[in-house]
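Please read it alongside the sequence and the coordinates.

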Amino acid sequence: MSFVKVTEQASPYHHLEKMSVHELLENMNQEDKTVPLAVEKAIPQIEKLVTAITDKMLAGGRLFYMGAGTSGRLGVVDASECPPTFGVPQGWVVGLIAGGDNAIRKAVEFAEDDRQQGWKDLQAYNITDKDVVVGIAASGTTPYVIGALNACREHGIITGSISCNPDTPVSAAADFPVEVVVGPEFVTGSTRLKSGTAQKLVLNMISTSVMIQLGRVEDNKMVNMQLSNEKLVDRGVKMLMEQLSLTDYDQAQRLLLQAGSVKKAVDDFVKK
């Protein structure tokens, strides 16, 4: 497919090395301001993908993110934050990166060029047509991702994608493509900048919207969050005091720690 790779076009800024620190920061900030507007244009696409993911997860399926480099790392971050934020089991949302876990910290040369490895990585999780796979690729051309999405289609698995170029090969391989075209990067071709920001915003929208639809949030509170540090315990205690109109902090803390989550503590208290 022939398409315009906007992410590789030349930066509109020149001689960056001659700019002052203030000029660098100001110009980067000006570019960053355009990202939410580009995401806004893609909301209809994002909505379709969120609906498809929610339907599958309500039926017992899982969500997989797949990517390479920055795109893969962003998927891993979003997946890893779902259990502590929403109290879902490990494995409900899975982030896979070309080159494996070593690639989270260090670039693994040519890992993204392997068209078969993505499907092999998914098979290690016993993927089925109950699940959804979302490929993340700023350029929209990553072989690791495209190969996996094509294999998913052959096996009847619903797919989505997030890219930052129009009409990309990864979009063609996805049932629910999302394209957020943010334009050339401040540093030519450095898609960890605006493209990475756009992908992060879209991932935030996907996982948060899906988890709300799954009942993991009540009102505007993370009532299922894991109590993994003192800050979160304190937040949970205050939620509990508000919901149950309690005035005794120590009592609320005991109830919370015995139950393990705000939601369960409220349910246990109401049953008494």
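A crossing is called right-handed if the near helix is turned clockwise from the far one by less than a right angle, and left-handed if anticlockwise. The points below concern a predicted model.

1. Two packed helices are described by the angle between their axes and the distance between the axes. For helix α3 (residues 43-58) and α9, the angle is about 40 degrees and the axes lie 9 Å apart. The two helices are therefore oblique to each other, and α3 passes α9 in a right-handed crossing.

2. On the α3 side, the contact is formed by Ile 43, Ile 46, Leu 49, Val 50, Ile 53, Thr 54, Met 57 and Leu 58. Their partners in α9 are Val 202, Met 205, Ile 206, Ser 209, Val 210, Met 211 and Gln 213. By class, this contact comprises 12 nonpolar, three polar and no charged residues.

3. Leaving aside residues up to four places away in sequence, Thr 54 touches Val 210, Gln 213 and Leu 214.

4. Helix α4 (residues 69-86) contains 18 residues and spans 26 Å from its first C-alpha to its last, close to the 26 Å expected at 1.5 Å a residue. After α4 comes Gly 87, with a positive phi near 70 degrees.

5. The buried residues of α4 include Leu 74, Val 76, Asp 78, Cys 82 and Phe 86. Among the elements covering the buried residues of α4 are β1 (63-67), β2 (93-97), α5 (102-105), β3 (132-136) and α9 (194-213).

Notes. Residues are numbered from 1 along each chain as its sequence is written. This is a predicted model: local features need pLDDT of at least 70, side-chain atom pairs count only at pLDDT 80 or more; totals for chains, interfaces and linings use all residues. Side-chain values use heavy atoms; hydrogens and water are left out. Helices (H or I, at least four residues) and strands (E, at least two) are DSSP runs, numbered from the N terminus. The expected span of a helix is 1.5 Å times one less than its number of residues. Buried means under 20% relative accessible area, exposed over 50%, partly exposed in between (1.4 Å probe, protein chains only). Contact means heavy atoms within 4.5 Å. Axes are lines fitted to C-alpha atoms, for helices over the stretch in contact, and angles run from 0 to 180 degrees between N-to-C directions. Angles under 35 degrees count as roughly parallel, over 145 as roughly antiparallel, 65 to 115 as roughly perpendicular and the rest as oblique. Ala, Val, Leu, Ile, Met, Phe, Trp, Tyr, Cys and Pro count as nonpolar, Asp, Glu, Lys and Arg as charged, and the others, Gly among them, as polar.
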